[in-house]
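Student: I would like to learn how to read a helix and the chain around it. Could we go through one together?

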Amino acid sequence: MSKKIVQLKTPLGEEVLKLKAGDHVELSGIVYTARDEAHLRMMENGVPFDPKGAVIFHCGPVIRDKKVIAAGPTTSARMNELSGFLIEKGVRGLIGKGGMGATVRKQLKGTAVYFAFTGGCAALASSHMTLNGVHYEDLGMAEAVWEIGLDRLPLVVGIDSHGNDIFDAARRKSETVMRKYS
Amino acid sequence: MKTPDDPLHKALADATFQAYRQAVIRLPPDVLRVIEKAAAAETNPVARGEFTNILKNIEIAERLGVPMCQDTGVPVIYLTIPPDVPLSQDFYDAVAEGVRRVTKEVPLRPNVVDPLTRHNTGDNTGAGMPAMHVKPGKTLAVTVLPKGAGAENMSRITMLLPSKKDLIEKFVVETVYLAGSRPCPPVIIGVGIGGTFDGAAALAKEALLEPVDTMTEYEQQILCAVNKLGIGPMGLGGDFTALAVKVKTAGCHTASLPVAVNIQCWANRHATVEAKR
């Protein structure tokens, strides 16, 4: 890789606006895991942490003895219709796999970014993590909101705050190739 | 039913335990080789970063003895039985016992639920699960292929017209295209051609157990067509949407051409352990 790796620490601020899709980032500081159930509860009851500059990690980790054992990303597209309110409340970053829809791309514009973390890399992820706390533990291990401290987790900017989306670019390329068959 | 103290029962349960544990922690050498080869050849800088993470993850999982992915799959078992051992119901019970033990001790994520009530059994066994495939062989050996949902869900089957065998390549490419980023590419593709409707699907899954670091000209040709899609590692774009294509065929009806595609993520996990009798 010729380009420099950007170092970021949560809570995030205006610095995310400088990020471009395709930039490699190492993220440190607290992030909050949330899947479908946690999003629904936060929508109804409010966010149980300060959302200003916060980063949400689409992940259902395996936790044992107050340690993060495995914490790979889950498919972010499931949260396509559930993320707008978080961005409105000041969330500056989402982490997941597979990218998100056009709605989220618009919601991120001028304010926040989507980071991709490599799918299936649960052992690598947990080696960069310490457990800080938990909210909504009654939702079960996978759906609870875990407060996780990151130490330089390697990410790539998948969707930036200017509407550039490398997932969408790859998708459009594959569409063109597929069309040649029919 | 034999007791858990029966030596054959114990040997099979232990072999299942070891094969499952090994499969979720360490990739087979041929799979690691194709990942390393692709990592070295990939030209897209974002995709190169994904390969770096994948290789680091494999190294950490092996060093710490932890599962490489949190989706430790459902147990797909291939059992070979030598001529002097008669097959009995107890073989199924012994393998299930090994699955329950490994789920608790590694630990593995309990993934198996009732398909309709969605009630989780908590131990990765259930009605017809582990999925067992039994064949005669030289030794009593258990192969475990833990299958994660992200990739399995993207698999497809079709019954083509016998005159349209040129459409096989299109069907494989289309399957990978429709899957996009969801199966955690770069994927490994098992293709079953021929047999019956159900047989083609079984062939496609068995193809994933074949060495992935050698391919026939036909397999190479399909791989090349798939990689033109440019979906790349994790759907971020790149040269490697797939790492390998493996094809298995069987005789079929003259009026049929069944084709099944079983998608596997980059972690083509499987391990074989001989039961010590």
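Student: Which residues of α2(B) are buried?

Tutor: Buried means under 20% relative accessible area, with a 1.4 Å probe and protein chains only; in this predicted model, Asp30(B), Val31(B), Val34(B), Ile35(B), Ala38(B) and Ala39(B) are the buried residues of α2(B). An α-helix has 3.6 residues a turn, so residues three or four places apart point the same way.

Student: What covers the buried residues of α2(B)?

Tutor: The cover, judged by contact (heavy atoms within 4.5 Å), includes α3 (45-64), β5 (187-194) and β6 (242-250) of chain B.

Student: How many residues does helix α2 have, and what span does it reach?

Tutor: The expected span of a helix is 1.5 Å times one less than its number of residues; α2 of chain B, residues 29-41, has 13 residues and reaches 18 Å from its first C-alpha to its last, close to the 18 Å expected.

Student: What does the radius of gyration say about chain B?

Tutor: The radius is taken over C-alpha atoms, and the globule rule is 2.2 Å times the number of residues to the power 0.38. For the 277 residues of chain B, a compact globule would have a radius near 19 Å, and the chain has 19 Å, which agrees. Buried residues make up 55% of chain B, and of its contacts with a separation of 6 or more, 82% are between residues 24 or more positions apart.

Student: Which conventions apply here?

Tutor: Residues are numbered from 1 along each chain as its sequence is written, and chains are lettered from A in the order in which they are written. In this predicted model local features need pLDDT of at least 70 and side-chain atom pairs pLDDT 80 or more, whereas totals for chains, interfaces and linings use all residues; side-chain values use heavy atoms, leaving out hydrogens and water.

Key. Buried means under 20% relative accessible area, exposed over 50%, partly exposed in between (1.4 Å probe, protein chains only). Helices (H or I, at least four residues) and strands (E, at least two) are DSSP runs, numbered from the N terminus.
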